[in-house]
Amino acid sequence: MTAPHLCVVGGGGLVGRQVVAAGLTAGYAVRVPDIPWTDPGASIEALAAHLRQFAADVTGEWALAWCAGAGVVATSEDDLAQEVDVHDGALRAVEGLIHEGLLDPARGGIFLASSAGGVHAGSADPPFTEETPVAPLVPYGYAKVAMEAAVRGLAERTGVRAFIGRLANIYGPGQRLDKAQGLISTICVADALGTPLQVRVSLDTTRDYLHSADAAAMVIAGLERLRLEPAGAVVTKILCSGQPVTVGHLIGESRRVLHRPLRTTVLPGQSSGQVLDLRFTSMVWPELDALVGTTVPAGLADAAADVRSRIALSGADAVLGRR
């Protein structure tokens, strides 16, 4: 039996590297394109070339997992517009390959890593589900909504199936520490360096934390489940733990799990784009939720050990992107 082919765009990132690992475990022939992300035009050209080679190698089932993106809540509108343009360029390349007959839409699937927090930041009455209308507040959320719409358009025009995963707060080993990628990474850095933890949101702020390995398991299982859907189907699912945690509770857990004091300073004012309550409950493909097996204490210990190891190996300046 021919192994299904999986192309993971952004395979070196927090979620992408875990999707690569989960795909290999599931028996996929996995490839990760090397993309010059700092140049949007060159990125689109490189993606188009890589996808053409990918299509030439595909002999059966195939999937494209888009796990790329350096944007966060505070990223500028211009930078996010470039990310959307590169994503759109990749989808145009896929559509062209389908029209040329080089990719069979009936045997393929597209996954998009979107953001539950980004698209529901302005939504009312948490916990939010897939039926909650999207309500982005900042360019990051609007960019995710635009990318979701582009995937839906591709599915409608070509008949390829698509799985949009709206990710809760993802954390785990390999987090980028040179950008604001979440409170857990900030806690891990403070732990590794012995520096005070600066918190810029209320201690009552509530989030849903999902370990990157659990998210990846859900992505691969979702791509398998997607094959049962009719041609052109687009399934949107919130990928979350379903276990909301307040910032105050998370800090308390970190002191217990890491076995060392964590001096905390709560700065006045709420960070831009950050809302108080982002609880989620998924109503779609509930069988995937059983794949969430990492508790916050276990995941926090995992992430902290990774950060300590990286800083000990390469030095704080290199890991944190400081000159």
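How many aromatic pairs does the structure hold? The structure holds 5 aromatic pairs, where rings of Phe, Tyr and Trp (its six-membered ring) are paired if their centres lie within 6.5 Å. The model is predicted, so that local features need pLDDT of at least 70 and side-chain atom pairs count only at pLDDT 80 or more, while totals for chains, interfaces and linings use all residues. Residues are numbered from 1 along each chain as its sequence is written, and side-chain values use heavy atoms, with hydrogens and water left out.

A pair of aromatic rings is described by the distance of the centres and the angle of the planes. Planes under 30 degrees apart count as stacked, over 60 as edge-to-face and the rest as tilted. Phenylalanine 128 and phenylalanine 280 form a tilted pair, at 6.1 Å centre to centre and 55 degrees between the planes. Because phenylalanine 128 lies in the loop between α4 (116–119) and α5 (139–158) and phenylalanine 280 in the loop between β11 (264–266) and α9 (296–314), the pair ties together parts that are 152 residues apart in sequence. Helices (H or I, at least four residues) and strands (E, at least two) are DSSP runs, numbered from the N terminus. Phenylalanine 128 and phenylalanine 280 are both buried, that is, under 20% relative accessible area, with exposed meaning over 50% and partly exposed in between (1.4 Å probe, protein chains only).

The rings of tyrosine 171 and tyrosine 209 form an edge-to-face pair, because their planes stand at 80 degrees, with the centres 6.4 Å apart. Tyrosine 171 is in strand β6 (residues 169–171) and tyrosine 209 in strand β8 (residues 206–211), so this pair ties together parts that are 38 residues apart in sequence. Tyrosine 171 counts as buried at 1% relative accessibility, and tyrosine 209 counts as buried at 6%. Ring pairs also link Phe111, Phe163 and Trp285 into a cluster.

Helix α3 (residues 77–99) packs with α5 at an angle of about 10 degrees, their axes 10 Å apart. Axes are lines fitted to C-alpha atoms, for helices over the stretch in contact, and angles run from 0 to 180 degrees between N-to-C directions. The two helices, α3 and α5, are therefore roughly parallel to each other (angles under 35 degrees; over 145 is roughly antiparallel, 65 to 115 roughly perpendicular and the rest oblique). Among the α3 residues that meet α5 is Glu95. Glutamate 95 counts as buried, at 13% relative accessibility. Leaving aside neighbours within four places in sequence, glutamate 95 is in contact (heavy atoms within 4.5 Å) with Leu154, Arg157 and Thr158.
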